[in-house]
Amino acid sequence: MSITAEKLDGNMANLTITVPAAEFDKAMIEAYKKSKSKFSVPGFRKGKVPMNYIEKVYGEAVFYEEAANELINKYYPEEIENCELDIVSNPEIEVAEIGKGKDFVFTAKVATKPPVKLAEYKGVEIEKVNVEVTDADVDAEIEKTRKENARKVEVTDRAAENGDEVNINFEGFVDGVAFEGGKGEDYKLVLGSHSFIDTFEDQIVGKNIGDEFDVNVTFPEEYQEASLAGKPAVFKCKLNGITAEILPELDDDFASDVSEFETVAEYKEDVKKTLEVKKKDAAEKEKQSKVLEKLIETCEIDIPEPMIAYNQEKMLSDFEQRLAYQGLKLEQYLSITKQSREDMLEQVKPEAIKRIKTSLIVEAIANAENIEVSDEEVDKEIEKTASMYQLDVEKFKELAGEKELDAIKMDVKMNKALKLIADESKEV
């Protein structure tokens, strides 16, 4: 086996991989064994037709494609491991030479990692990031905790108000005709949540249990169902029930129930300290993001199109996995949103380019600064990752494998580079 590489313009390369004739002949025999049962030739039982007879009847090239695919799938991954180029795309494969008794030669056109011409990355001026925690921030956090600990009670002695959860029946009509998907019974809706279109929820406020009424709305011009977009509609509704949230009193009892503190004053102080840590962490990430935005504009990178296409496909694949967790297939999602796979790939292209530039710039800075990562730093990150998956560290290492552990080490290195540019930035 041998591989040669020819560098091309635009950070592309052409790899030529040569497989010895003996290997190709073996692959031909394997291809014959796998597919011989498919051939039906008069005078022979099915699956018993000799290889040379099949080649005589169907042509010498009858097993070429299967043998070629077998060798390409086997040797391309192996050979690029021995290649010094940093390949960042799927290969564009072409067969250069094929035939019985001959070396099998194929080429792979690939994108290679582009160099980065770094702009000045220290002292980048960014807008000042606010890290102050106000009393209003503390109050809002406590209010959220009160809502989480609220109890729900049925309301029978007043009309519906914003913040109530109502139970309604409804059916929608456009031009007097009921439309598909516009009907619901015993539907629960929080008033003021803006879950429904236009002023739907506003028109329920003030209604009493048992009331039957019309709600008049207009569908948005950009509504996903084209047949309804921009059209006025009438929903015939009935209010079945009202549920209100009763928040606990903000007193010492509440403080001791939701925290380790005995008084509201101590609880508030702890909430403030927690928010300060969170805000500081968020500010650090915001500073990093702001510096990177500036560097993306000023650093020069010639990204090859196949590298962009590879990352677009990866992003779409990741999205497909997230859909699968929700029990939805990509084809179903595309049908619902009236999009094609190509539409989605085009949508994610700007983000794919941004991610590529970000990764390349941060890596270039890490290399320029000779940033090193200690075993202790890597172990700490591995422990954190293993904990996320609720795994023992050694078990995680075993399951992760060498490549995943190398990726964790690279993440630590990149994070150190990000911290450096954020620390060196100037807030104005």
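## A cluster of aromatic rings

Phe 170, Phe 179, Tyr 187, Phe 196, Phe 200, Phe 219, Tyr 223 and Phe 235 are joined by ring pairs into a cluster, where a pair requires rings of Phe, Tyr or Trp (its six-membered ring) with centres within 6.5 Å, called stacked when the planes are under 30 degrees apart, edge-to-face when over 60, and tilted otherwise. The model is predicted, and local features need pLDDT of at least 70, side-chain atom pairs count only at pLDDT 80 or more, while totals for chains, interfaces and linings use all residues. Residues are numbered from 1 along each chain as its sequence is written, and side-chain values use heavy atoms, with hydrogens and water left out.

By the ring rule, the count comes to 20 aromatic pairs. One of them is the edge-to-face pair of Phe 170 and Phe 196, at 5.7 Å centre to centre with 85° between the planes. This pair links distant parts of the chain, 26 residues apart, with Phe 170 in strand β8 (residues 165–174) and Phe 196 in the loop between β9 (177–190) and β10 (212–218); strands (E, at least two residues) and helices (H or I, at least four) are DSSP runs numbered from the N terminus. Phe 170 is buried, with a relative accessible area of 9%, and Phe 196 is buried at 18%, where buried means under 20%, exposed over 50% and partly exposed in between (1.4 Å probe, protein chains only).

Phe 179 and Phe 219 also form an edge-to-face pair, 5.7 Å centre to centre and with 80° between the planes. Here strand β9 holds Phe 179, while Phe 219 lies in the loop between β10 and β11 (232–246), 40 residues apart, and both Phe 179 and Phe 219 are buried.

## A charge over a ring

The charged end of Lys 207 sits over the ring of Phe 213, 5.1 Å from its centre; the rule asks for NZ of Lys or CZ of Arg within 6 Å of the ring centre and within 35 degrees of the ring normal.

Thr 16 belongs to strand β2 (residues 12–19) and, at 24% relative accessibility, counts as partly exposed. Apart from neighbours within four places in sequence, Thr 16 is in contact (heavy atoms within 4.5 Å) with Ser 2, Ile 3, Thr 4, Val 105, Phe 106 and Thr 107. Between Thr 16 and Asn 130, which are 114 residues apart along the chain, the C-alpha atoms are separated by 55 Å.
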